[in-house]
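Let's take a friendly walk through the charged side-chain pairs of this model. Have the sequence and the 3D view at hand as you read.

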Amino acid sequence: MYGYRKINRYFIGTNVLELGSDGTATSSILVRWSDRLTVVDMHDKFSSQINKDKKLEEVTFLLSKWEEYKPTNLYSDILLTDSLEH
């Protein structure tokens with residue numbers, strides 16, 4: 001919970017990019033805090049979770065490596081959580 005409080009302190013939430021998915025725990029929170037959420041991950045840990053959280057249907061999920069992702073718009077927030085260890 002500490003990490004989410006830190007994120008929320010500086011969070012704008014207009015158009016959010018999440019690099020990497022931790023199995024949707026963070027995505028489930030971000031989709032509720034955001035006007036628009038895009039998740040980029042090279043593994044689809046995301047689709048199977050939509051049945052458990054219907055709000056995740058609003059998320060744009062892109063199957064891609066981060067270094068190959070070419071954004072076409074600007075983001076108010078870019079988050080990389082639970083991913084640097086990889």
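In this predicted model, Asp53 and Arg32 join their side chains in a salt bridge, with 2.9 Å from N to O. Where do the two partners sit? Arg32 belongs to helix H2 (residues 25-33), while Asp53 is found in the loop between strand E2 (37-41) and strand E3 (60-63), so this contact ties together parts that lie 21 residues apart in sequence.

Now look at how each partner meets the surface. Asp53 has a relative accessibility of 13% and therefore counts as buried, the cut-off being under 20%. Arg32, at 48%, counts as partly exposed.

How many salt bridges does the structure hold? There are three. Side chains of opposite charge can pair when their charged atoms come close. Let's turn to the other pairs.

Glu57 pairs with Lys54, and their closest N and O atoms are 3.8 Å apart. That distance still qualifies because the N and O atoms of a salt bridge need to be within 4 Å.

Glu58 and Lys55 make up another salt bridge, in which the closest N and O atoms are 3.1 Å apart. Glu58 counts as exposed, with a relative accessibility of 52%. Lys55, for its part, has 28% and counts as partly exposed.

Terms used: Residues numbered from 1 in each chain as written. Predicted model: local features only at pLDDT ≥ 70, side-chain atom pairs only at ≥ 80, totals over all residues. Heavy atoms only, no water. Helix = DSSP H or I, 4+ residues; strand = E, 2+ residues; numbered from the N terminus. Buried < 20%, exposed > 50% of the residue type's maximum accessible area, 1.4 Å probe, protein only.
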